Every structure is written in structure tokens, then in C-alpha cells.
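Q: I would like to learn how to read the features of a protein model one at a time, starting from the whole chain and ending with single residues. Could we go through one together?

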Amino acid sequence: MPLRTRIYIDGYNLYYGCLRKTEFKWLDVLGLFENQILPSVLFRQTPDGDSVTMTLHSECAIKYFTARIIESAAKGEDSVSSQAHYHNALTTHCGGRLSFVMGNYSLYKSNQYIVPADDPKRWPRDCSKIQVWKLEEKQSDVNLALQMYDDALSGEIDQIVLVTNDTDLAPARPKTLSATMSVSQQARDCAN
């Protein structure tokens with residue numbers, strides 16, 4: 001029986017960690033996982049067991065967590081429209097198999113320590129401060145962790161693939177794994 005799989009993408013982390021300044025900014029994430037990554041993974045539930053295939057969830061294969069760029073903080077003049085075009089292209093191309101879960105950006109003034117060029121190892125407490133604009137993505141990580149956990153408990157999926165390099169999501173992994181395994185065991189017990 002194939003593993004029903006859903007992909008959870010940390011959009012900010014994927015873009016800034018892998019795609020920015022490359023030719024892959026318009027990455028077809030559904031095609032990447034459905035045609036390249038999942039078919040190439042050999043998975044066995046036990047070391048001596050048969051290999052198990054992974055199939056993307058038929059209704060919602062990918063949940064993509066991101067936030068709309070704030071125009072006043074965008075680095076490029078076309079950043080806002082480029083992001084919107086990419087999101088629209090993915091929505092159209094994936095035909096409902098991808099859903100966006102939107103967080104937001106917070107832009108505010110913050111006092112930050114200055115690292116002196118002549119003494120970069122000086123402790124922050126011994127440095128002066130300057131007021132700067134601070135831009136932070138909000139709610140995406142929390143939304144992602146809660147959605148993974150909720151989906152694991154729902155019994156709709158057998159496997160989660162998390163696309164991120166953000167250590168803030170590390171605590172969600174064991175809880176989600178435990179929930180997925182518990183629901184899968186309950187389903188097997190009911191079938192027997």
C-alpha cells in the first residue's frame with residue numbers, strides 16, 4: 001500500500017536558502033516532488049521489508065507557507081508582482097493540489113548594536129546602537145507546525161515531507177512523527 005504523502009514547504013526558507021539568485025526561482029514544486037524526488041527514494045518500513053511507494057495526496061499534495069512581500073521593504077521594484085505571478089502560476093499549474101497558507105511580514109524600527117569595523121569581536125554591550133528597519137516573517141512557522149500536527153492527527157496522510165532549513169521547526173518533528181505513527185497504528189488495528 002503506498003504511503004499517502006504531503007509536502008510542507010517553508011516558502012521563505014526555500015526561496016532565500018536555495019532559489020534566490022538562481023535560474024530556479026520559478027520552480028515547479030509539484031513536478032519536482034511528484035516526478036523526481038519521491039520516485040527516487042527507496043523506502044522500507046523495516047530493514048528487510050519490501051520497498052514502499054510514496055504517492056502525493058490526491059486532493060492537497062503540497063501546503064506552501066509564506067507571506068506577501070511588503071512593497072515598502074521589497075529589494076526589487078518587481079518583487080511584489082513577481083511573487084504574486086509565481087503564486088498564481090503555481091495555483092493554476094497545480095490545479096488545486098497546492099494550497100498557500102499565508103502569514104505576514106512585520107516591519108518596524110528597532111535599535112540594534114553596531115559592529116565596529118576596527119574591533120568586530122567587541123561584545124554588543126560595549127557597542128553603540130543605531131536605529132534600523134527590521135523586517136520579520138510572522139506566523140508562517142507556527143502555521144506550518146500546527147498544520148503538520150493537525151494533518152498527522154487527521155489520518156489523511158501517512159508521511160510528511162518538510163522542506164525547510166529552519167531549526168525553529170525542529171520541536172514539531174517528534175510530535176508530528178508520534179501523531180502520524182499513532183494514527184497509522186490505530187488504522188491498522190481497525191483493519192484487522
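A: Let us begin with a term: two residues are in contact when heavy atoms of theirs lie within 4.5 Å. The model shown here is a predicted one, and in its protein chain 74% of the contacts between residues at least 6 apart in sequence join residues at least 24 apart.

Q: Which secondary structure elements does the protein chain have, and in what order do they run?

A: The protein chain has five helices and nine strands, and from the N terminus on the order is β-α-α-β-β-β-β-α-β-β-β-α-β-α. The radius of gyration is 21 Å, well over the 16 Å that the globule rule gives for 192 residues, so the protein chain is more spread out than a compact globule. The C-alpha trace spans about 70 × 40 × 25 Å along its principal axes.

Q: How much of the protein chain is buried, and what share of its accessible surface belongs to carbon and sulfur atoms?

A: Here a residue is called buried when its relative accessible area is under 20%; by that cut-off, 31% of the 192 residues in the protein chain are buried. The accessible surface comes to about 12,700 Å², and 52% of this belongs to carbon and sulfur atoms.

Q: How should I read a nonpolar core, and which residues touch the most other members of the largest one?

A: The general idea is that in soluble globular proteins nonpolar side chains tend to be buried together. In this model the largest nonpolar core has 21 residues, of which Ile9, Val29 and Ile62 touch the most other members. At least two residues each are supplied by E1, H1, H2, strand E4 (54-56), strand E5 (62-66) and helix H3 (79-94), and the largest share, four residues, comes from H2. Another core, of eight residues, lies apart from this one, and its members include Ala145, Met148, Leu169 and Ala172.

Q: Which residues is Ile62 in contact with, leaving aside its neighbours within four places in sequence?

A: Ile62 is in contact with Ile7, Ile9, Val29, Leu30, Arg97, Leu98 and Ser99.

Q: Is Thr5 buried or exposed, and which residues does Thr5 touch?

A: Thr5, which is in strand E1 (residues 3-10), counts as buried because its relative accessibility is 0%. A polar atom of the Thr5 side chain lies 3.1 Å from the backbone oxygen of Leu3. Not counting residues up to four places away in sequence, Thr5 touches Leu38, Met54, Thr55, Leu56, His57, Ala61, Gln159 and Val161; of these, Leu38 is one of the buried residues of H2.

Q: What should I look for in the phi angle, and where is Lys21 found?

A: Most residues other than glycine have a negative phi. Lys21, found in the loop between H1 and H2, has a positive phi of about 65° although it is not a glycine, and at 71% relative accessibility Lys21 counts as exposed. Gln139 likewise has a positive phi, about 80°, although it is not a glycine; Gln139 lies in the loop between strand E8 (129-138) and H4 and is partly exposed, with a relative accessible area of 47%.

How values were computed:
Residues are numbered from 1 along each chain as its sequence is written. Side-chain values use heavy atoms; hydrogens and water are left out. Buried means under 20% relative accessible area, exposed over 50%, partly exposed in between (1.4 Å probe, protein chains only). A polar contact is a pair of N or O atoms within 3.5 Å; within protein, one must be able to donate a hydrogen and the other to accept it, and residues adjacent in sequence count only if both atoms are side-chain atoms. The radius of gyration is taken over C-alpha atoms; the globule rule is 2.2 Å times the number of residues to the power 0.38. Accessible areas come from the Shrake-Rupley method with a 1.4 Å probe; for residues, only the protein chains shown count as cover. A nonpolar core is a set of buried Ala, Val, Leu, Ile, Met, Phe, Trp, Tyr and Cys residues joined through side-chain atoms within 4.5 Å.
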